[in-house]
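Biologist: I would like to learn how to read a structure step by step, starting with a ligand and moving on to packed helices. Could you take me through it slowly?

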Amino acid sequence: MTSFKDFAEVCKRVESISGSLEMTSIVAEFFRKVDDDELGMATHFIMGRIFPIWSEEESGIGQSLLYSAISKISSLPVKRIEELVRDTGDPGHAAEKAIASRKTHMTFFSESELTISEVYSRLQTIARLSGKGSQTAKIKNLQYLFSSAIPIEIVYIARLAIEEMRIGVGEGIVRNAIAEAFNVPADLIERGILLTNDFGLVAYTAKKEGVQGLEKLGVILGRPIKVMLAQVASSIQEAIGEMKNVAVEWKFDGARVQIHKRGNHITIYSRKLENVTSSLPDIVRSIRLNILTENVILDGEVVALGNDDRPMAFQELLKRFRRKYEISSTAARIPLILDLFDIMFLNGENLLDKPLTVRRKKLEEICDKNILAKQTITDDPGVIEKAYNDALAAGHEGVMLKNPDSLYSPGKRGKNWLKLKPIMETLDLVVTGGEWGEGRRANLIGSYLLACRDIEMDRFLSIGRVATGITDAQLEELTDIFKDLVISENGIHVDFEPKIVFEVAFEEIQKSQNYDSGYALRFPRLVNVRSDKSVEDADSIERVEQVYIGQRGR
Ligand code: AMP
């Protein structure tokens with residue numbers, strides 16, 4: 001067993017440096033040392049996750065529950081804990097200060113006895129508590145963990161409990177660290193993760209079976225695959241020029257879902273690969289009725305259809321996702337339909353390396369027409385144009401133009417899937433800061449600082465602020481969400497943890513010295529809060545440059 005203290009010390013070392021190569025080496029060294037059984041837990045813990053992203057289990061510990069536990073064990077009032085968080089800017093250090101001061105009066109372990117698996121199993125117990133009395137029981141369990149911990153462990157238990165590690169280790173560093181630790185190529189690790197999204201399994205396989213084992217890793221029913229993504233099509237002509245024949249489908253105005261069916265057991269993952277099965281009972285039912293095979297992985301879009309048979313606003317659709325209460329009444333108010341467009345696995349056979357035409361044939365064989373997205377293969381621009389106009393007339397976004405010969409490339413935004421939409425492209429940007437409003441809006445965060453991603457350097461580059469397109473009601477909702485993400489405040493300026501993605505429309509992108517990216521948005525307007533997207537899905541500086549160059553050519 002590996003002691004939790006070793007883990008906490010690694011976190012502390014990583015936190016003190018900024019170079020990603022050095023961070024990777026420290027994490028790699030740790031992965032080499034960790035006990036086999038705890039390697040999976042360690043890969044998740046270091047990213048601030050208790051469970052894998054696709055797991056139905058959730059920590060169930062929010063800030064207020066954490067503060068209550070710290071308050072109970074330190075005998076300090078919750079208000080004082082909140083002050084400490086504000087002063088230190090970090091729940092971890094606040095917990096350490098509060099509890100360590102108290103512990104001098106108690107008998108406590110000078111040497112920790114906690115192991116990684118003990119922390120995991122206690123957090124798992126907490127996650128599984130529900131119903132009456134569960135809050136008290138959760139607090140008791142957290143108290144127990146804190147009381148068994150030495151100060152350095154307290155910092156990271158507190159952060160892990162709310163799944164905010166704040167040490168700058170994301171999927172990229174973990175991927176490279178697994179490669180370095182077990183001396184295997186990073187692209188094999190990436191392949192394993194794209195296919196299984198199971199960092200623990202990939203790390204364990206790398207350690208135990210090396211290259212050969214990793215090469216054998218394939219699609220696993222019940223482990224979501226990273227979804228294939230689309231690029232913007234410049235024109236119909238260009239798509240035909242590149243692909244010759246084009247597989248045309250409507251680009252539905254909905255949300256992506258990946259469906260895993262094993263016999264009667266159905267699991268649905270969102271675009272972020274979170275398990276959303278329990279909030280979509282109507283889709284589960286539809287799969288049972290309309291899929292005529294045992295074991296399968298499917299890709300598609302769910303659309304919320306209004307009374308007029310047109311897609312409802314995206315915000316309405318999102319109300320159906322990750323819902324815990326009022327599931328059936330919300331489902332009645334916001335009914336969903338399913339449009340399937342791909343299949344990745346069928347009864348033991350991995351279909352990722354089969355051309356789209358072959359996959360489509362299999363999909364048609366096993367799926368009732370009413371949940372299948374229509375597809376036409378053509379080289380006639382008139383046919384594509386008609387599909388495009390029909391899609392828009394029906395209230396959808398445009399069309400997808402797919403290469404019929406293309407394989408399914410998990411996690412890739414390539415030229416084999418092109419999207420054709422009428423309006424100027426929007427950008428998906430990460431919110432990294434904000435400003436408190438004035439006058440009537442003094443209690444609300446009235447403007448938001450936006451950033452694109454610099455993937456190579458693993459950082460965010462600011463590109464502008466958005467304050468338009470947000471209703472008062474939405475401002476209140478957003479303020480509530482962002483209050484929990486505050487890292488620091490200075491006057492009216494607030495820094496947020498980069499967690500939320502805004503889809504932003506604008507008139508034009510301009511060159512600008514005012515923002516780190518070297519670009520600014522002219523007349524930015526919030527289109528949607530993309531809670532279906534994670535920060536890794538936000539647009540990169542390369543895409544900003546692309547849009548900038550594209551608009552010059554208009
Ligand atoms: P975007 O989010 O703008 O990059 O567009 C890609 C998204 O369009 C996918 O992630 C799907 O959620 C959605 N979509 C709608 N219809 C289709 C389709 N027929 N094929 C693939 N993706 C589609």
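Biologist: How many residues surround the ligand, and which are the closest?

Modeller: Please keep in mind that this is a predicted model. In it, 15 residues surround the ligand, and the closest are Glu-249, Arg-256, Glu-301, Lys-402 and Lys-419. When the shell is sorted by class, it has 10 charged residues and 5 nonpolar ones, with no polar residues.

Biologist: Which side chains place an N or O atom at 2.8 Å or 3.0 Å from an oxygen atom of the ligand?

Modeller: The side chain of Arg-256 has an N or O atom 2.8 Å from an oxygen atom of the ligand, and the side chain of Lys-251 has an N or O atom 3.0 Å from an oxygen atom of the ligand. The backbone takes part in the picture as well, for a polar backbone atom of Phe-252 is 3.0 Å from a nitrogen atom of the ligand.

Biologist: What percentage of the area that the ligand exposes when taken alone does the protein bury?

Modeller: Taken alone, the ligand exposes 490 Å², and 94% of that is buried by the protein. The elements that each give two or more residues to the shell are strand S2 (246-251), strand S9 (398-402) and strand S10 (413-420).

Biologist: Now for the helices: what describes two packed helices?

Modeller: Two packed helices are described by the distance between their axes together with the angle between those axes. Take helix H2 (residues 20-33) and helix H10 (residues 171-182), whose axes come within 8 Å and cross at roughly 55 degrees. H2 and H10 are therefore oblique to each other, and H2 passes H10 in a right-handed crossing.

Biologist: Are helices H8 and H9 roughly parallel or roughly antiparallel?

Modeller: The axes of helix H8 (residues 134-147) and helix H9 (residues 151-161) come within 9 Å and cross at roughly 155 degrees. Angles over 145 degrees count as roughly antiparallel, so H8 is roughly antiparallel to H9. The crossing of H8 and H9 is right-handed.

Biologist: At what angle do helices H11 and H12 pack?

Modeller: Helix H11 (residues 186-196) packs against helix H12 (residues 199-216) at an angle of about 125 degrees, and their axes are 10 Å apart. That angle makes H11 oblique to H12, and H11 passes H12 in a right-handed crossing.

Technical notes:
Residues numbered from 1 in each chain as written. Predicted model: local features only at pLDDT ≥ 70, side-chain atom pairs only at ≥ 80, totals over all residues. Heavy atoms only, no water. Near = heavy atom within 4 Å. Polar contact = N/O pair within 3.5 Å; in protein donor to acceptor, adjacent residues only side chain to side chain. Areas by Shrake-Rupley, 256 points an atom, 1.4 Å probe, with all protein chains shown as cover. Helix = DSSP H or I, 4+ residues; strand = E, 2+ residues; numbered from the N terminus. Nonpolar A, V, L, I, M, F, W, Y, C, P; charged D, E, K, R; others polar. Axes fitted to C-alpha atoms, helices over the stretch in contact; angles between N-to-C directions. Parallel < 35°, antiparallel > 145°, perpendicular 65-115°, else oblique. Left-handed = near helix turned anticlockwise from the far one by under 90°.
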